[in-house]
Amino acid sequence: MSERTHDLVIIGAGPAGYAAALRAAQLGLDTACIEREERLGGTCLRVGCIPSKALLESSEKFHEAQGALAAHGVKVARPKLDLKAMHGRKDEIVTALTDGIAGLFQKLRVTRYAGDGRLDGPGRVVVTGADGAETVLKAGKVLIATGSEPADLPGVTRDGDRIGDSTTALAYPAVPESLIVIGAGAIGLELGSVWSRLGAKITVLEYLDRILPGTDAEIARTALRFFKDQGLEFVLKAKVTGAEVQGKQVRVDVEGREPLTAARVLVAVGRRPHTAGLGLESVGVATDRRGFIPVNGSCETSAAGVFAVGDVIGGAMLAHKATDEAVACVERLAGKAAAFDPALVPAICYTDPEVAGVGRTEEDLKADGVPYRKGVAPFRANGRALALGHADGRVKVLAHKETDRLLGVHIVGPRAGDLIAEAAAAMAYGASSEDLARVCHAHPTLSEVLREAAQACYDTPLHG
C-alpha cells in the first residue's frame with residue numbers, strides 16, 4: 001500500500017469537488033481529488049444538469065419545427081425525429097465539458113486519484129481503485145464533496161430500464177408511447193417536458209397538492225396552467241404505493257385511485273446525500289436523521305480538519321450552490337476572506353416557460369409575519385417577449401413594506417433562468433425595489449419586465 005501526502009484531499013469531483021480543487025490549486029495548495037467515475041464533473045455534468053438541458057433545447061427545436069415556426073412565417077415540411085443524433089449532440093456537449101475540467105486539473109497540477117475514497121482516521125484517506133489496489137493519502141485538511149443520488153420511493157423498485165430514474169430517462173433508446181413521472185419537482189417536469197415534446201403522453205403524479213415544492217405558490221400555480229395547456233396531465237395529492245412491470249406496460253398503484261399504466265416510469269422524488277462507505281465513523285462524524293453531514297458556518301464537521309460541502313450537507317441541492325459553497329470553504333482554508341449566503345441561491349426549472357426564484361416566497365413572509373409589498377408585471381406587455389413569441393408568464397417582486405429592501409423575486413416566463421441573475425445580484429448588495437427600478441434597462445429586453453415589477457412594489461409602473 002503506497003502513501004502520498006497533500007495539503008488538501010477532496011473526495012468527489014462534482015460541481016463542489018472539482019471547483020474546490022481548482023480554487024485550492026490556484027491558491028497554492030498541493031491538492032488531490034478522488035473520483036471513481038471516469039469523467040469528472042459529477043452528476044451535474046455527466047448525467048444531470050448539462051445533458052438534460054441539451055435535450056430540453058433539442059426537443060424544443062423539434063417542437064417548434066412541428067408548427068410553432070409557422071407563426072413566424074417559417075413553413076417547414078413535417079419534421080422527422082432522429083433521436084440517436086439528439087443523444088449524440090447531448091453526449092458531445094458532456095464530453096467537451098468534462099474534458100475541459102480534466103484539462104484544468106492538468107494545467108493547475110491537481111492530482112487526480114481514480115477510485116473510491118474513504119476516511120481512515122484523522123488526516124488519512126484511503127483510495128481503492130477499480131483493481132482493488134489501495135493508496136493512502138495523508139493531508140492536514142480533507143474535504144468531502146460526494147454529492148447526492150436519486151432518492152428511493154417505498155414500494156417502487158427501479159430496474160434501470162422500464163422503471164428508472166433521471167439517468168435512465170436521459171438515455172431512452174426510443175420515445176415511449178407513454179411515461180408516468182412520479183414527482184413534480186424540477187427534474188420530473190424538465191424530463192417530462194422533453195419526452196412530451198418528442199411525442200410521449202405524460203402523466204405527472206405528485207404527493208403534494210401543488211407542483212414545484214419550495215417555489216412561490218402563485219408562480220407555481222401559473223406554471224401549472226401553462227404545463228397543462230401543453231398537454232401534460234397532473235394528478236396531485238397522489239400517494240404512489242407501488243410499481244410493477246406487466247408485459248409491455250408498467251402498472252403504478254396510487255392510494256385511493258385506480259392503477260395507472262404507462263410504457264415507462266420515471267421516479268423523480270428528490271435526491272439523498274451520498275455518504276455510504278466514506279468512513280465517517282473513523283473520525284467520529286455522524287450523519288443526521290436524513291443522512292446529511294452536519295457542519296458549522298465554515299463547513300467544518302465535528303472532526304477537526306474534516307470539511308464537507310455541497311449536496312452532502314443539505315440546503316439547496318443545486319450545482320451552483322455546491323460550487324460557491326466549495327470555493328468559499330477552500331478560500332477560508334487558504335487564509336482568504338470568503339463569504340457565501342445560502343439564502344440567496346437562485347433556483348430554476350428549465351421548462352417552457354422557465355420558472356426561477358431567489359430569496360423568500362410570499363408564503364415564507366406570511367408565515368413569519370414580515371410586512372411586505374408585492375409588485376407583479378406580465379410578459380404579455382413586453383415587446384421583446386412578443387417578438388420572441390414567448391409572452392406567457394410574469395415577474396413577481398417582494399419587498400419589505402417599511403424599508404423597501406428586496407426580499408424575493410420569482411419569475412415564470414421566457415428565459416427566467418437568465419433574468420433571475422439580476423435579482424440575485426441586487427439582493428446580494430441589499431438593493432431596494434426602487435433601486436432596481438431606477439436602473440436603466442435596455443429596450444427592448446425581457447429584463448424590462450423585472451423593472452416594471454420592481455416599480456409596482458413602490459409606485460405605479462410606467463406601463464401599469
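Student: Helix α13 (residues 447–458): how many of the 12 residues are buried?
Tutor: In this predicted model, 9 of the 12 residues of α13 are buried, so the helix is largely enclosed by the rest of the structure. Buried means under 20% relative accessible area, exposed means over 50%, and partly exposed lies in between (1.4 Å probe, protein chains only). Helices here are DSSP runs of H or I with at least four residues, strands are runs of E with at least two, and both are numbered from the N terminus.

Student: Which residues of α13 are buried?
Tutor: Ser447, Glu448, Val449, Leu450, Glu452, Ala453, Ala454, Gln455 and Cys457.

Student: And what covers the buried residues of α13?
Tutor: The cover includes strands β20 (372–378), β21 (394–400) and β22 (406–413). It also includes helices α11 (416–428) and α12 (433–437). Contact means heavy atoms within 4.5 Å.

Student: What about the loop between α12 and α13?
Tutor: Pro444 sits there. The peptide bond from His443 to Pro444 is cis, with omega near -5 degrees. Another cis bond joins Asp352 and Pro353, with omega about 0 degrees. Pro353 is in the loop between β18 (347–349) and β19 (354–359).

Student: Before we go on, what are the ground rules for the numbers?
Tutor: Residues are numbered from 1 along each chain as its sequence is written, and side-chain values use heavy atoms, with hydrogens and water left out. As this is a predicted model, local features need pLDDT of at least 70 and side-chain atom pairs count only at pLDDT 80 or more, while totals for chains, interfaces and linings use all residues.

Student: Switching to charges. How many salt bridges does the structure hold?
Tutor: It holds 33 salt bridges. Each is a side-chain nitrogen of Lys or Arg within 4 Å of a carboxyl oxygen of Asp or Glu. Side chains of opposite charge can pair when their charged atoms come close.

Student: Which parts does the pair Arg124 and Glu3 tie together?
Tutor: Arg124 lies in strand β5 (residues 124–128) and Glu3 in strand β1 (residues 2–11), so the bridge ties together parts that are 121 residues apart in sequence. The distance is 4.0 Å, N to O. Arg124 is partly exposed, at 25% relative accessible area.

Student: And where do Lys53 and Glu190 sit?
Tutor: Their side chains form a salt bridge at 3.0 Å, N to O. This one links distant parts of the chain: Lys53 is in helix α3 (residues 49–65) and Glu190 in helix α6 (residues 186–197), 137 residues apart. Lys53 is partly exposed at 24%. Glu190 counts as buried at 7%.

Student: How far apart in helix α8 are Glu325 and Lys321?
Tutor: They are 4 residues apart in α8 (residues 319–333), which means about one helical turn. Glu325 is buried at 7%, and Lys321 is buried at 3%.

Student: Which residues are linked in a network of salt bridges?
Tutor: Asp216, Glu218, Glu362, Lys366, Lys374, Arg394 and Lys396.

Student: OK, helix packing. At what angle do α1 and α4 pack?
Tutor: About 25 degrees, for α1 (residues 15–26) and α4 (residues 83–108), with axes 10 Å apart. That makes α1 roughly parallel to α4. Axes are lines fitted to C-alpha atoms, for helices over the stretch in contact, and angles run from 0 to 180 degrees between N-to-C directions. Under 35 degrees is roughly parallel, over 145 roughly antiparallel, 65 to 115 roughly perpendicular, and the rest oblique.

Student: Which residues make the contact?
Tutor: From α1, Tyr18, Ala21, Leu22, Ala25 and Gln26; from α4, Ile101, Leu104, Phe105 and Leu108. By class that is 8 nonpolar, 1 polar and no charged residues. Ala, Val, Leu, Ile, Met, Phe, Trp, Tyr, Cys and Pro count as nonpolar, Asp, Glu, Lys and Arg as charged, and the others, Gly among them, as polar.

Student: How do α1 and α8 cross?
Tutor: At roughly 30 degrees, with axes coming within 8 Å. The contact of α1 with α8 has 10 nonpolar, 1 polar and 2 charged residues.

Student: Last one. Is Lys237 buried or exposed?
Tutor: Exposed, at 62% relative accessibility. Lys237 has a positive phi of about 50 degrees although it is not a glycine. It lies in the loop between β11 (233–235) and β12 (240–246).
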